[in-house]
Amino acid sequence: MTTIYLDYAATTPVDERVLAAMLPYFREHFGNPSSVHGPGQRAEAALERARATLAEVLGCAPEAVIFTSGGSEADNLALRGLALAAREQRGARHIVSTPVEHEAVKATCHQLRDHFGFELTEVPVDRYGQVSAAAVADALRDDTAVVAVIYGNNELGTINPIAAISAAARARGVPVHVDAVQAAGQLPLDVAALGVTTLALGAHKAYGPKGVGALYVAPGTTLLPVQTGGSHERGLRAGTPNVPLIVGLAEALRLAAAERDSHNARAITLRDRLIARILEWVPESALTGHPTERLPNHASFALRGVDGNALLMHLDLAGYAASSGSACKTGDPRPSDVLLACGLTPEWASGSLRLTVGRPTTAADIDGLLTTLPGLVARLRAPVAPASAGA
Ligand SMILES: Cc1ncc(COP(=O)(O)O)c(C=O)c1O
C-alpha cells in the first residue's frame with residue numbers, strides 16, 4: 001500500500017533540482033571553504049553564491065545572512081543572542097513572546113526566564129491564534145530585550161501581521177525576532193517590508209534538505225554568539241559550514257520564491273476543498289487557526305471527543321500520513337498548549353488533526369482522505385461495549 005503523504009508542514013521531500021545542485025559539493029567540490037587552496041576556494045565560492053542567492057530572496061545584503069544547522073538553531077541564536085546582548089548593553093531583562101510559538105522559540109524563552117533571570121510576557125492571542133500589534137505594544141517595557149513572534153504558525157496555519165508588530169516594537173527601540181520556518185517557501189520574505197531584526201529560516205519545509213537553515217540579521221544588530229569557536233559566519237556561528245546543504249537551502253528557497261504563485265494557487269484549492277468537506281462531513285468538527293489569513297498548504301481541525309493520536313494511527317493504517325499539530329508533539333497525550341491558548345476546551349483540543357498539502361498532492365489524494373476520515377472518526381467516537389461478566 002502506498003502512503004498518501006499529507007504532512008508537508010512536518011517536512012517535504014527534496015526537489016530533484018535541489019538535489020542536483022547539492023551533489024557536486026558532496027563529491028568533486030568537497031573542500032573546506034576556510035582552506036586557501038583551490039578546492040577550498042571553490043567551496044567558498046559556492047558558499048558565497050548561496051549567500052547571495054538567499055540574500056536576493058530576502059531583499060538584503062549577503063552579509064546579513066548567517067547559515068545555521070536548521071530553524072531551531074537560527075531561533076536559538078537570535079533569541080539568546082539578542083537577549084543576552086541587550087542585557088549587556090542596556091540592562092534589558094524582559095522578553096515579549098506569544099503562547100503559540102514553536103518549541104524552538106518557546107523553550108528558549110523559558111530557559112532565558114528560568115536560568116538567565118529574564119521576565120517573560122506571553123501576549124494573549126485571539127481565537128485564531130493571531131497576535132495583534134496592539135497587544136505587543138501593550139506588553140513592551142523600557143527594559144524589553146526582544147519581541148519574538150511566529151510568522152506562519154506550524155500548528156494553526158495562522159499568519160501574523162509581522163510588519164505591524166515590527167513597527168510597534170521598533171517605535172520603542174526593541175528588536176524583533178520572527179520565526180519564518182513554516183512561512184519560508186509560501187509567504188513573502190522581504191525583510192525590509194517585514195521590518196524585522198532577525199528572521200529564522202529552514203530548508204526542509206520548502207523542498208530543501210534537513211539539517212540546514214539560516215538567520216537574517218539586520219545591519220547594526222548586536223548578537224552574542226551561542227556557538228563559539230572559529231570565526232565562521234562573521235563570528236556568529238562557529239563550525240565548518242555544510243556547503244552541500246547550504247547550496248541546497250539557497251536553491252530550494254530560490255525556486256520556492258520563483259514558483260510561489262503557481263504552487264500557492266494549487267495548494268489553496270486543495271486546502272479549501274479539505275476544509276469545506278471536513279467541516280461538512282465530520283460532525284462536531286471545527287477549523288483551528290484563521291479562516292483566511294493562513295498558510296496556503298495548511299488545514300487544521302479540532303474534532304470533539306476524539307483521541308488525536310489514535311486517529312493518526314488509524315489514518316496511517318488506512319494509508320494516510322497526517323499529524324496532530326507539531327511534529328515535535330506527536331505521541332504526547334496532553335492537549336496542545338497552542339490550542340488551549342486559542343480558548344479550546346481539552347475535549348476539543350485533544351482531537352487535533354493537521355493536514356498539509358504539498359507539490360505532489362493531487363485532488364484524488366484529497367478525495368481519498370475525505371472518503372476515509374468521517375468513518376474513522378465515527379468509529380473512534382463510538383462507545384466501547386462493556387466487557388461481559390465472567391469473561
Ligand atoms: C515554526 C517552526 N519553527 C522552527 C522549526 C524548527 O526547524 P528545524 O526542524 O529546521 O530545526 C519548525 C520545524 O518543525 C517550525 O515549524
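Reply: Let's begin with strand β3, residues 94-97, which runs parallel to β4 and is joined to it by four bridges. Within this pair, Ile-95 has Leu-120 of β4 as its bridge partner. Two strands count as paired if DSSP finds at least two bridges between them. The strands (E, at least two residues) and helices (H or I, at least four) are themselves DSSP runs, numbered from the N terminus.

Before going on, please note that this is a predicted model: local features need pLDDT of at least 70 and side-chain atom pairs count only at pLDDT 80 or more, while totals for chains, interfaces and linings use all residues. Residue numbers start from 1 along each chain as its sequence is written.

Now step back to the sheet that holds our pair. It is an open sheet of seven strands with mixed pairing, and their order is β2-β8-β7-β6-β5-β3-β4. At its edges stand β2 (65-68) and β4 (119-122); each has a single partner strand, so one side of each has no neighbour in the sheet. From one strand to the next, the twist averages 20 degrees. Helix α6, residues 162-170, packs on this sheet and touches β5 (144-150) and β6 (176-179); the direction of α6 makes about 160 degrees with that of β6. Such angles run from 0 to 180 degrees between N-to-C directions, with axes fitted as lines to C-alpha atoms, for helices over the stretch in contact. Contact here means that the C-beta atoms of two residues, placed from the backbone, lie within 7 Å.

Tyr-207 sits in the loop between β7 (198-202) and β8 (213-217), and it has a positive phi of about 65 degrees although it is not a glycine. Tyr-207 counts as buried because it has 27 C-beta neighbours inside 10 Å. (Buried means 20 or more other C-beta atoms within 10 Å of a residue's own, exposed means 12 or fewer, and partly exposed lies in between; the C-beta atoms are placed from the backbone.) Glu-233, in the loop between β8 and α8 (243-258), is also not a glycine and has a positive phi of about 50 degrees. With 22 other C-beta atoms within 10 Å, Glu-233 is buried too.

The expected span is 1.5 Å times one less than the number of residues. Of the 20 residues of α3, 15 are buried, so the helix is largely enclosed by the rest of the structure. Just after α3 comes Gly-91, with a positive phi of about 70 degrees.

Finally, look at α9, residues 260-281. Its 22 residues reach 31 Å from the first C-alpha to the last, close to the expected 32 Å. Ala-267, Leu-270, Arg-271, Leu-274 and Ile-278 of α9 are buried. Down the axis of α9, the buried residues fall within an arc of 100 degrees, so they line one face of the helix; the arc is that of the directions from the helix axis to the C-beta atoms. The face of α9 turned away from its buried side carries the exposed residues Asp-261, Ser-262, Ala-265, Asp-272 and Glu-280. The buried residues pack against β9 (285-287), β10 (298-303), β12 (352-356) and α13 (363-381).

Those strands, β9-β10-β12 in order, form an open antiparallel sheet of three. Its edge strands, β9 and β12, each pair on one side only. Three bridges join β9 to β10, and Ser-285 stands opposite Leu-303 in β10.
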